[in-house]
Every structure is written in C-alpha cells, then in structure tokens.
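Here is a short report on one fold.

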Amino acid sequence: MNVLQIIKSRGLHESHVNIGRVGPYLLHIESFQSLVDQKKVSDEIMDALFHLFTMTQPGVVAINTHTLTQILEGEARARSRYFTKRNIFENINEIVGPYLEDGNHWTFFHCSLVDQTILYLNSLGEQDDQYSKLAENWSTFAASKGFQGPWKMIKRCHALQNDSISCGVFTAVFAEAFLGGAKGYLACSPVQQERERLGLLLFSSLDRSGFCGICHFI
C-alpha cells in the first residue's frame, strides 16, 4: 500500500488538506500526489526531503529550493545583505539543496566549505557550460558573504533518467545516497519504487501536532 492509499483509507480525500510538516515545510495530500503519482515533484516535497536527509547531520545545512535557485541563477537579490535571515555559512561544513533549473528541472547541488568543492548532479547529464555558470554564480554569492574561493568543481558518475518527469526522484535519491556516505556510482532503483519509498519515508516523518481532525493518523 502506498502513502496515498494509506491517507485515503483513513478518511482524507481533499487534495489541499494539510496533513503535517517536516521541519518548516507543510505537506498536504496534493504534495504526496506529486511524488507518488507519475508527476513532477513539488517544491515542498523536495525541501522536506532535503531537510530530512540533513537534520541528523551536524555541520550540514539544506537550503530551500527558492533560495538556492536564486543563488545559482545569479540573481542580484541573492547578494543583498538582507537576502537570508541568517548567515548560512556560519558554523557549518557543508551546504546542500535542490536546484530547480529554468523553473522545470530538478538537480542536486552540494558545497563543501572544508574542501572548497562544488558538486552538481543532473539526471539528464551535466553540461560543462551550465556547471561553470552555476559555479561562477555560487562563487559570487559566497564572496558577498565573506567566503572567497577558489572553488573546485568535482564530478560523480550516476544514473540517468529516461523520461521527462522523474528528475525530482533522481535528485532526491542522489542526495540521500551522497549524504549517507555512498561511494562511487550513484544508482537509482526503478522510479515508481523510489516514489513510493520516499513517500512512505516522508509520511512516517511527519510532525502532526497542531493539525486538527487527523488524530486518527497517529
């Protein structure tokens, strides 16, 4: 039984209903539909997964989709002193996040402040010009926060998607494996299998406190 079947078997059917949160990210039935059904994964699902993957790792911080995308696309606002509520470089070793390229394609970004390296994984394959562009934008952003390079771009062999909608799944699987210490080639199990596994993982991690009418989930 997948997570959508579990949710509906317990009496909730309206897609907009909030059913809990993972960290600061509210999730609703529609969120899980984007993950489990053959759809493009939503922002809040990606942010919740990255939060989940990093919450037990000291020194590692996950940047949300909106913030990271502005940084890697070189938006001037990202260099403003008011862009983030806190200095994301303070007292950390690694920064990671989901990058939504061109508003429609999920990719994986990782930065090690210790090794001064940048890793970018694209489930359609990395293009050198795009990698160089995001590295330049990251370097500019980091410098505006007092962290000078040089930053070394590193590469990692990984599986490739063979459709147009599974980039979010691949990105999440890459993130989970990489942050879990996986070495070598980053594989991805059958996409639907991963969709259902990640859905159940998120559902089991939901904080449901303060959500009226869903106590039957607990």
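In which sense do strand β6 and β7 pair, and over how many bridges? Strand β6 (residues 117–121) pairs with β7 in the parallel sense, over three bridges.

## Basis

This is a predicted model, in which local features need pLDDT of at least 70 and side-chain atom pairs count only at pLDDT 80 or more, while totals for chains, interfaces and linings use all residues. Residues are numbered from 1 along each chain as its sequence is written, and side-chain values use heavy atoms, with hydrogens and water left out.

Helices (H or I, at least four residues) and strands (E, at least two) are DSSP runs, numbered from the N terminus. Two strands pair if DSSP finds at least two bridges between them.

## The sheet

Five strands form an open sheet in the order β3-β4-β5-β6-β7, with mixed pairing. β3 (60–62) and β7 (152–154) are at the edges. Each has a single partner strand, so one side of each lacks a neighbour in the sheet. From one strand to the next, the twist averages 25 degrees. Angles run from 0 to 180 degrees between N-to-C directions, and axes are lines fitted to C-alpha atoms, for helices over the stretch in contact.

## Strand β6

β6 has partners on two sides. Toward β7, threonine 117 stands opposite lysine 152, and isoleucine 118 stands opposite methionine 153. With β5, β6 pairs in the antiparallel sense over five bridges. There, threonine 117 is the bridge partner of serine 112. β5 and β6 form a hairpin with four residues between them. Glutamine 116, in the turn, has a positive phi of about 55 degrees.

Which faces of β6 are covered? Both are: Thr117, Leu119 and Leu121 are buried on one side, and Ile118 and Tyr120 on the other. Buried means under 20% relative accessible area, exposed over 50%, and partly exposed in between (1.4 Å probe, protein chains only). In a regular strand, side chains alternate between the two faces of the sheet.

Contact means heavy atoms within 4.5 Å. α5 lies across β4, β5, β6 and β7, and runs at about 135 degrees to β6.

α4 is mostly covered, with seven of its eight residues buried. Among them are Thr65, Thr67 and Gln70. The buried residues of α4 pack against α3 (43–54), β4, β5 and α5.

## Where α4 meets α5

Helix α4 (residues 65–72) and helix α5 (residues 128–144) pack at an angle of about 105 degrees, with their axes 8 Å apart. The two are therefore roughly perpendicular. Angles under 35 degrees count as roughly parallel, over 145 as roughly antiparallel, 65 to 115 as roughly perpendicular, and the rest as oblique.

From α4 come Leu68, Ile71 and Leu72; from α5 come Leu134, Asn137, Trp138 and Phe141. The contact residues divide into six nonpolar, one polar and no charged. Here Ala, Val, Leu, Ile, Met, Phe, Trp, Tyr, Cys and Pro count as nonpolar, Asp, Glu, Lys and Arg as charged, and the others, Gly among them, as polar.

## Cysteines

How many disulfides are there? The count is zero, where a disulfide is a pair of cysteine sulfur atoms within 2.5 Å. For cysteine 167, the closest cysteine sulfur is in cysteine 188, at 12 Å, too far for a bond. Cysteine 167 is buried, with a relative accessible area of 1%. Cysteine 111 is also buried, at 0% relative accessibility.
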